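Please look over the structure below with this briefing beside it. The notes are grouped by topic.

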Amino acid sequence: MGKIVKIVFVYSLLFVFASCGTNTDKGFLTIPVGSVMDTPLSLSEIAGNVEAFELELTEQSLISRVKRVFHTEDYIFICGSKYIMLFDKTGKFIRQIGSVGQGPGEFTTIADVAADMKNKLLFILASGKIICYDPDGNLMKESSSGSYGGGIKYLYYVDDALKLLVESVVTLDGNKKKQTVLYTLDDNLLKSDSVEVHTIDSRWIWNNLYDDFISYDGENVYLYYPDLSQNTFILDTLYRLNNRKLTPYLNLSFTNNGLNTSGEKNIYIMNIYKSSRYVFSNYMLPVPVNERRNPECCLCYDTKTGKCYNMKEGYKDDIHTGEVVKIRPFDSDSNMFYYLHTDMDDSVKEEPNPTLYIGTLKK
């Protein structure tokens, strides 16, 4: 068991409290999470404003399976596994960025996308390489990602730095381990620094429904990376990243440490991220009998009031749609969030592109 995992497990055992949001003497915050579910929290309770953008549907701008969304004062970027679409702030489609192929600056499948909006650069993590474009689709630079090994990779641009999060299976002392490492890349898209997140007992890599593992609240960078295996402990700690060091910042303390009466994992945390005021998490419960999918839950903790909301499915959009929605943070600024919702009208013959909603969280 890796050093960081040991630390996480110790925290899971030591910091269990009856009230929500307990601070230790060292400033470490523990957020107890009970099994009682609240009604969906209304977005108006946590959001200062939410703006809607209707994205134009053309033959070249059909949106499906969105991976990432980025925005500037003038543009919106919608990214999927096969495309990056550029819209203006009225929702009008402008162009696709990049092209499918095997040549320089081309890709077959997009694993992830990051954006440096200040310098107007897009970074694409594709099969075996990292590609950098400008918003006009011009190839700026490219490098190989093969030196980071196999496994799952995620790309982020936070606090003026491009970061690559890699999960892979390694052999240590003759045993298979799952190792997660965070790399910082330089201006040439080459490794300049690295920090081990954790190394745990597992032979398998599990796909996650979310990729919100790194957050930036305007002052600090935070990191959480999950363990979705059957290990009988839960990685429940959010770390602050500073000068190549991961410092425990807070943890989610589930009832019975997230284990059932048989000592098996009963909670699967998908992500934990932080804005300047709120802590968010998405997690799964075990699949109920005679059902096929894990119930999904959302958690929102208000550091200002100390109130914790634990909900199924999502948040009540009482501002625009009236529906329950799932919100996602922006990587470069977790004080803002977005969600996509398709508004159907009986008079419309074909399903339109989803409407993009961008909100700002209260501080």
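In which strand is F53 found? F53 belongs to strand 3 (residues 47-54), where strands are DSSP runs of E with at least two residues, numbered from the N terminus. This is a predicted model, in which local features need pLDDT of at least 70 and side-chain atom pairs count only at pLDDT 80 or more, while totals for chains, interfaces and linings use all residues. Residues are numbered from 1 along each chain as its sequence is written, and side-chain values use heavy atoms, with hydrogens and water left out.

- F53 counts as buried because its relative accessibility is 5%, buried meaning under 20% relative accessible area with a 1.4 Å probe and protein chains only.
- Beyond its neighbours within four places in sequence, F53 is in contact (heavy atoms within 4.5 Å) with I76, K89, T355, L356 and I358.
- The C-alpha atoms of F53 and I76 are separated by 9.2 Å, the two residues being 23 residues apart along the chain.

**Strands 4 and 5**
- Strand 4 (residues 68-71) pairs with strand 5 (residues 75-79) in the antiparallel sense over 4 bridges, pairing requiring that DSSP finds at least two bridges between two strands.
- The two strands, strand 4 and strand 5, form a hairpin with 3 residues between them, and R68 has C79 in strand 5 as its bridge partner.

Technical notes: Buried means under 20% relative accessible area, exposed over 50%, partly exposed in between (1.4 Å probe, protein chains only).
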